Amino acid sequence: MRVLGVDPGLTRCGVGVVEGLAGRPLTMCGVGVVRTPPDAELGLRLVAVEQGIERWLDEYRPEFVAVERVFSQHNVRTVMGTAQASAVAMLCAARRGIPVALHTPSEVKAAVTGSGRADKAQVGAMVTRLLRLDAPPKPADAADALALAICHIWRAPAKNRLQQAVALHASKGRPA
């Protein structure tokens, strides 16, 4: 399974591609950041994010895209930019028919480190270890994107089995 992880942001949008299967060693295929100038007009910044994600989709041809679920923050301006970048990533994937999964920050941290309250340094250290890298990817947005991809690879099989069980249960006329 090849997954493009996207840590959405308007100034720095982390992207990382991981390949592997749950229970098997994982391989990093690529990692980086799509950057936009903070002083540019919003529409142009969104176009730049789109173009950057499209390049990653063209180059790495992922089977899935995992995007960090936007959560409420105190700074409304920050959360709006994050939500807009997130929507661009989902749009790019949907346009190509690539399934999109949303994962919360605490879900990603728990999957990668074992604790939903891990800090950025702990996530970076575990991503480095799990992907057998020489050093943590910089900036943290890039490491977070890889963590999203890892989370999806590890959690997707269980989620699929659960969805199949719910569908089977519903098809037998039982309330879910």
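1. Helices (H or I, at least four residues) and strands (E, at least two) are DSSP runs, numbered from the N terminus. The model is predicted, so to speak of local features a pLDDT of at least 70 is needed, side-chain atom pairs count only at pLDDT 80 or more, and totals for chains, interfaces and linings use all residues. Residues are numbered from 1 along each chain as its sequence is written, and side-chain values use heavy atoms, with hydrogens and water left out.

2. Aromatic pair. Trp 56 and Tyr 60 both belong to helix 1, four residues apart, which is about one turn of the helix. One aromatic pair is found in a search of the whole structure. Its rings, those of Trp 56 and Tyr 60, have centres 5.0 Å apart and planes at 25 degrees, so the pair is stacked. (Rings of Phe, Tyr and Trp, the last by its six-membered ring, pair if their centres lie within 6.5 Å; planes under 30 degrees apart count as stacked, over 60 as edge-to-face and the rest as tilted.)

3. Five strands form an open sheet in the order 3-2-1-4-5, with mixed pairing; two strands pair if DSSP finds at least two bridges between them. Strand 3 (27-35) and strand 5 (100-103) are the edge strands, each pairing on one side only. From one strand to the next the twist averages 20 degrees. Angles run from 0 to 180 degrees between N-to-C directions, and axes are lines fitted to C-alpha atoms, for helices over the stretch in contact. Strand 1 (residues 2-7) pairs with strand 4 (residues 64-68) in the parallel sense over four bridges. Within strand 4, Ala 66 is the residue opposite Gly 5.

4. Helices on the sheet. Helix 1 (residues 42-60) packs on the sheet and touches strand 1, strand 2 (12-19), strand 3 and strand 4; its direction makes about 165 degrees with that of strand 3. Contact means heavy atoms within 4.5 Å. Helix 2 (residues 76-95) lies across strand 1, strand 4 and strand 5, and runs at about 170 degrees to strand 4.

5. Helix 1 with helix 2. How do these two helices cross? Their axes come within 9 Å and cross at roughly 40 degrees. That makes helix 1 oblique to helix 2. (Angles under 35 degrees count as roughly parallel, over 145 as roughly antiparallel, 65 to 115 as roughly perpendicular and the rest as oblique.) Among the residues that meet are Leu 46, Val 49 and Ile 53 in helix 1 and Ala 85, Val 88 and Cys 92 in helix 2. By class, the contact of helix 1 with helix 2 has ten nonpolar, one polar and three charged residues. (Ala, Val, Leu, Ile, Met, Phe, Trp, Tyr, Cys and Pro count as nonpolar, Asp, Glu, Lys and Arg as charged, and the others, Gly among them, as polar.)

6. Helix 3 with helix 4. Helix 3 (residues 105-113) packs against helix 4 (residues 120-130) at an angle of about 50 degrees, with the axes 9 Å apart. Helix 3 is therefore oblique to helix 4. Lys 109, Val 112 and Thr 113 in helix 3 meet residues of helix 4 including Met 126 and Leu 130.

7. Backbone points to check. Arg 61, in the loop between helix 1 and strand 4, has a positive phi of about 45 degrees although it is not a glycine. The peptide bond from Lys 138 to Pro 139 is cis, with omega near -10 degrees. Pro 139 sits in the loop between helix 4 and helix 5 (140-171).
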